[in-house]
Amino acid sequence: AKDVNAAIEGMLDANVSEIVVSDGHGHKRNIRAEDLNENAVLVRGSPKPLAQMEGINGSFDAVILIGYHAKRGTKNGIIDHTISGRVIANVLVNGIEMGEMGLNAGIAGYYGVPLIFVSGDLAVTREVQALLPDTLTVAVKEAVSRTAAKCLHPVKARLLIKQGVFTAIKKRDQIHPYVISPPIVLTIRFIDSLMADAAENMPCVERLDGRTIQIQQDDYLRAIRALRASIMIASTVTI
């Protein structure tokens, strides 16, 4: 909550009047309401139709992601995973492999909202820079393995987040929404073939190989909901 509050302080310094925080990790009950800056509204709990991005619509001016990680398979990425570490090996959207950052940037772009700032480890900031070079980033740690990192002192990290968010808001008009044009082709590779066996029962799914399915939709949000449904179905089976 303290990193999120640092981001909120940056927003308030930039005269932002309405702030919505979507608790986005795991069971999505990580932030206690009483720990959050009182100027923000908290969206908490699970399931949420848009998961980490629940609450967004076309009235928003910008999206900020705090505490993000790199996509699964990234070298020296802290706890690298894509949505579900137990289920997903990788996800491609129209041939581009994406982690949670990219998938969420696409949801924001669907509503015409730019992703202007991301904080996390060094690996995810590099992922942002490769996909969205105009989006500002702050790295608060650098991994030396998947579960070990060199970390900035929290006071320094939060100051960088606050300053970075303030700067990003001031530069918002220079950062364009990330719009993924239809048709949307999702290629989803699971950890094992049994998960693909289960997900293949969805009517919109084409099976590509033992661990891979493909979903095509004419609407990005519909594709994202199909992705999340396939993960829920795949997570019900075990080897």
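Guide: We'll take the strands and their pairing in turn. Keep in mind that this is a predicted model.

Visitor: Okay, what order do the strands take in the open sheet of four?
Guide: The order is 3-6-7-8. The pairing is mixed.

Visitor: Which are the edge strands?
Guide: Strand 3, residues 63-68, and strand 8, residues 148-151. Each of them pairs on one side only. From one strand to the next, the twist averages 25°.

Visitor: How many bridges join strand 3 to strand 6?
Guide: Four, and the two strands run parallel. Strand 6 covers residues 115-121. For a landmark, find Leu65: its bridge partner in strand 6 is Val118.

Visitor: And which strands does helix 3 lie across?
Guide: Helix 3, residues 122-131, lies across strand 3, strand 6 and strand 7. Its angle to strand 7 (136-145) is about 135°.

Visitor: Switching topic. Why is strand 9 largely enclosed by the rest of the structure?
Guide: Because six of its seven residues are buried. Buried here means under 20% relative accessible area. Strand 9 spans residues 184-190.

Visitor: Is its pairing with strand 4 parallel or antiparallel?
Guide: Antiparallel, with five bridges joining strand 9 to strand 4, residues 88-93. There, Leu92 has Thr187 of strand 9 as its bridge partner.

Visitor: What about strand 9 and strand 11, how many bridges there?
Guide: Six, again in the antiparallel sense. Strand 11 is residues 212-217. Look for Val185, which stands opposite Gln216 in strand 11.

Visitor: Where do side chains point in a regular strand?
Guide: They alternate between the two faces of the sheet.

Conventions. Residues are numbered from 1 along each chain as its sequence is written. This is a predicted model: local features need pLDDT of at least 70, side-chain atom pairs count only at pLDDT 80 or more; totals for chains, interfaces and linings use all residues. Side-chain values use heavy atoms; hydrogens and water are left out. Two strands pair if DSSP finds at least two bridges between them. Axes are lines fitted to C-alpha atoms, for helices over the stretch in contact, and angles run from 0 to 180 degrees between N-to-C directions. Contact means heavy atoms within 4.5 Å. Buried means under 20% relative accessible area, exposed over 50%, partly exposed in between (1.4 Å probe, protein chains only).
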